[in-house]
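Dear colleague,

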Amino acid sequence: MSSLPLAVARRHRRGVRHTLDVRVSPYAYVAPFLLLFCAFGLFPLAYTAWVSLHDWTLLSDEHAFVGAANYATLLADGYFWNAVFNTLSIGVLSTAPQLVLAIWLAHLLNRPLRFQTLFRVSLLLPNVTSVVAVVVIFSQLFGRDFGLINWVLSWFGAGAVDWAAGTATSHVALSTMIMWRWTGYNALIFLAAMQAVPRELYEAATLDGASGFTQLRRITLPMIRPTIVFVVVVSTIGAMQIIAEPLLFSASSGAGGVGASGGPDRQYQTLALFVYEQGFTKFDFGYAAAASWLMFAAVVLVAGVNYLLTRRMRGGLA
Amino acid sequence: MRLRYLTLVAVVFFSAFPLYYSVVVASRHNSALAQVPPPLLPGGNFFANVSRVFDTVPFGLALLNSVLVAGSISVAVMFLSTLAGFAFAKLRFRGRNALLLVTVATMTVPAQLGIIPLYLLMVKLEWTGTMYALVVPALVNAFGVFFMTQFLSRALPGELLEAGRVDGCTTWGLFWHVVLPVARPAAAVLGMLTFMSAWNDYFWPLVVLTPDNPTVQVALSTLASGYVNDYVLGLAGTAVGTLPLVLVFALFGRQIIGGIMQGAVKG
């Protein structure tokens, strides 16, 4: 039987190939992801730290190492702290009412209801609209002279509000845009979590005579707390990075040009916009990179505090 | 009960009205905006305004760029995420859990943290001003991989894979004949989400592109940042640049919402 060793050899070869296929090929499947991810995701993150320790501008090819000098300058920079204040103010104004509203809307939708799809689609409609469109549309609505919002306010005797000019009014206008775009999206996330709450809990509560509001406070909120924590943290991270809205707001409310300063008095320049101004209008990359890192630190700090706060919270948010 | 419907109808109104009103303004003449009360119904000037948009900025080029960029990103993200998701969900290899953990962890790191080195990298590659700068970094992302991993570990039965192995399938054969058909619905949702976010992406394109070779969003922001406030022009552009997406959403809204809500529960 001369064919026997041949068959063994063939089986052996197939065995090697099989081992290769099982042991090694999984890496080939994740490789495209990992390579691109390292090059364009992780590398820039790490490199930001390196750039931030240098005097690094677009104009010169030499980048002198300056240690923590950029950070020291930043901490003494009034515009930086102004941006910190604006970010926190717009963040609170846009996120807190938004989440309460989103939970309430989800609560309303979390029952057998006609036109369920219509309601859901229209909740998500603002989220499909691009940031640019949102700001252009709302800048018109918030216009001082011919804006629809001032027209409605005039029914109640209010004078023409120059929304973009003041610190408080511009923060309200920007927060409105952010809320309009994200409330429905978060409502759907809450709704998904609410649908996983066992029905029997509500049936028992109804038998005991608990009102809808009591059920929301005593059953729904405690049951969906992990989702609340998740949404609060994600929204906080998002709110700390707001940039497109203020960047476009000054442009489309008549200040002219794409406005990196966040209004003539920097009344609505956010942290991310500050980074953009330093990096892409002044081309001071070292300083901008240091500001990015401080922004990241602020994100971690605020998101962490919110995480702990929401986790501690017992019973009702409302 | 009646209050609930009333509230929800109000929500529909507030969601839809700004979009409706933007079409009203876009179809009027600038002088009509100064009227009191303001116009609440569309006028007949829409196409004249749109043609003014095309005269002011290279909007045809912008539409073409956006379609190409968002289209190629979506296809790549669907394919590469399914590929990696399959490996993370169903294949055994050393370092799998650690890699997955790193992937998920970086989803929480603000993308803007890396924007300056990413820009410097694009300068070095001489990709600034080109669509490569938008497409290549976006070919795959952590969210897509996580999304497909979640879906496949739930929807792909191990027996199906074992049966395939017994029939002599290689891993690639399994991917092609077993995994892809199962993954199709989730990949479609991921593709739509990716297309929408690529179409709407503004900040990064603004940083790396120039106004003479823009995407739709960059062209819109150029329109909106004139020294004279021309709301009609800006909103006419917005209507043309947003309409395609609203159409897609109206057609597939149900599936997209399903995808978002599913991702939410698992995440």
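Throughout these notes, helices (H or I, at least four residues) and strands (E, at least two) are DSSP runs, numbered from the N terminus. The model is predicted, and local features need pLDDT of at least 70, side-chain atom pairs count only at pLDDT 80 or more, while totals for chains, interfaces and linings use all residues. Residues are numbered from 1 along each chain as its sequence is written, and chains are lettered from A and ligands numbered from 1 in the order in which they are written.

Chain B as a whole

Chain B has 12 helices and 0 strands. Its C-alpha atoms occupy a box of roughly 75 × 60 × 30 Å along the principal axes. Of the 267 residues of this chain, 44% are buried; a residue is called buried if 20 or more other C-beta atoms lie within 10 Å of its own, exposed if 12 or fewer, and partly exposed in between, with C-beta atoms placed from the backbone. Two residues are in contact if their C-beta atoms, placed from the backbone, lie within 7 Å. Among contacts in chain B between residues at least 6 apart in sequence, 73% join residues at least 24 apart.

Annotated spans

The UniProt record (unreviewed entry) gives "transmembrane region" for residues 58–86, 98–120, 132–153, 174–199 and 231–252 of chain B. For chain A, the UniProt record (unreviewed entry) places the same feature name at residues 27–50, 79–106, 118–142, 148–174, 227–244 and 285–309. UniProt positions are given in the numbering used here, feature names are shortened, and annotations may be inferred rather than shown by experiment.

In the model, residues 58–86 of chain B are 97% helix and 0% strand, and their end C-alpha atoms are 42 Å apart. Residues 231–252 of chain B are 100% helix and 0% strand, with 31 Å between the end C-alpha atoms. In chain A, residues 27–50 are 100% helix and 0% strand, with the end C-alpha atoms 30 Å apart. Residues 118–142 of chain A are 88% helix and 0% strand, and here the end C-alpha atoms lie 28 Å apart.

The contact between the chains

The contact takes 73 residues from chain A and 72 residues from chain B. On the chain B side, helix α12 (residues 231–266) gives the most, with 15 residues. That side divides into 51 nonpolar, 19 polar and 2 charged residues; Ala, Val, Leu, Ile, Met, Phe, Trp, Tyr, Cys and Pro count as nonpolar, Asp, Glu, Lys and Arg as charged, and the others, Gly among them, as polar.

One helix pair spans the two chains: helix α2 (residues 25–52) of chain A packs on helix α3 (residues 59–90) of chain B at an angle of about 140 degrees, with the axes 8 Å apart. Axes are lines fitted to C-alpha atoms, for helices over the stretch in contact, and angles run from 0 to 180 degrees between N-to-C directions. The angle makes α2(A) oblique to α3(B), since angles under 35 degrees count as roughly parallel, over 145 as roughly antiparallel, 65 to 115 as roughly perpendicular and the rest as oblique. The residues of this contact divide into 11 nonpolar, no polar and no charged. Those from α2(A) include Tyr29(A) and Phe33(A), and those from α3(B) include Leu83(B) and Phe86(B).

Individual residues in chain B

Ser66(B) is in helix α3 of chain B. Is Ser66(B) buried or exposed? Ser66(B) counts as buried because 26 other C-beta atoms lie within 10 Å. Leaving aside neighbours within four places in sequence, Ser66(B) is in contact with Trp199(B), Thr215(B) and Val216(B). The C-alpha atoms of Ser66(B) and Asp201(B), 135 residues apart along the chain, are separated by 9.8 Å.

Glu126(B) lies in the loop between α5 (115–125) and α6 (132–135) of chain B. Glu126(B) has a positive phi of about 60 degrees although it is not a glycine, and is exposed, with 10 other C-beta atoms within 10 Å.

Individual residues in chain A

Phe283(A), in the loop between α13 (271–281) and α14 (285–312) of chain A, also has a positive phi, near 55 degrees, in a residue other than glycine. Phe283(A) is partly exposed, with 13 other C-beta atoms within 10 Å.

With kind regards
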